Amino acid sequence: VLTETPVQRFLVFRVGADKKNRKASCILEDFRRPFKSVYYDYQDLDLDADCVRMMNEVEKDIVHQIVTSKLENDSILKRIYEAEGVKYSCVFLIYKSKDYMYYASAATSENIQEYSKLAKNRIELTRGKIKSIFEKHKV
């Protein structure tokens with residue numbers, strides 16, 4: 001994904017299935033310039049109302065497309081993305097177990113409104129590969 005698309009950072013997160021106390025932690029990352037590692041920064045993150053709404057959509061297998069400039073000003077995600085230089089990302093479900101939901105974020109610093117069809121296909125292939133690993137090992 002990182003070599004064949006505008007995606008510059010790919011993160012996989014785990015969030016608890018308990019909807020009353022949702023915290024997210026990064027469990028996998030891959031990135032290229034201009035991004036840097038955020039793996040250790042993104043452990044046990046409290047989710048604000050916007051993030052919880054997004055998780056509810058993602059849980060229904062809805063791809064959530066995010067244009068940073070269009071996020072609410074008081075959104076945690078907007079503050080994080082602006083500080084990191086993320087202009088666009090898509091967030092989607094990877095796998096859901098009884099205890100956890102695993103989702104991914106494919107982000108770029110490019111000023112785009114949406115990934116191309118080719119990029120979306122590459123992201124979907126990567127999603128499928130990761131999902132099959134989770135299913136195989138019954139995470």
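Author: A residue counts as buried under 20% relative accessible area, as exposed over 50%, and as partly exposed in between. The model shown above is predicted.

Reader: How is Asp-50 to be classed, and what is its relative accessible area?

Author: Asp-50 has a relative accessible area of 25%, so it is partly exposed. Arg-53 is also partly exposed, because its value is 49%.

Reader: Which residue forms a salt bridge with Asp-50?

Author: In general, side chains of opposite charge can pair when their charged atoms come close. Here Asp-50 pairs with Arg-53, and their closest N and O atoms are 2.3 Å apart. The two residues lie 3 residues apart in helix α1 (residues 49–59), so about one helical turn separates them.

Reader: Where in the chain do Asp-61 and Arg-127 lie?

Author: The side chains of Asp-61 and Arg-127 form a salt bridge of 2.2 Å, N to O. This pair connects distant parts of the chain, with Asp-61 in the loop between α1 and β4 and Arg-127 in helix α3, 66 residues apart. Asp-61 is partly exposed at 44% relative accessibility, whereas Arg-127 is buried at 11%.

Reader: Why is strand β6 described as largely enclosed?

Author: Of the 9 residues of strand β6 (residues 100–108), 8 are buried, so the rest of the structure largely encloses this strand. Strand β1 (residues 9–16) runs antiparallel to β6 and is joined to it by 8 bridges; Arg-14 has Tyr-102 as its bridge partner in β6. Strand β5 (residues 88–96) is likewise antiparallel to β6, with 8 bridges between them, and a hairpin of 3 residues connects β5 to β6.

Conventions. Residues are numbered from 1 along each chain as its sequence is written. This is a predicted model: local features need pLDDT of at least 70, side-chain atom pairs count only at pLDDT 80 or more; totals for chains, interfaces and linings use all residues. Side-chain values use heavy atoms; hydrogens and water are left out. Buried means under 20% relative accessible area, exposed over 50%, partly exposed in between (1.4 Å probe, protein chains only). Helices (H or I, at least four residues) and strands (E, at least two) are DSSP runs, numbered from the N terminus. Two strands pair if DSSP finds at least two bridges between them. A salt bridge is a side-chain nitrogen of Lys or Arg within 4 Å of a carboxyl oxygen of Asp or Glu.
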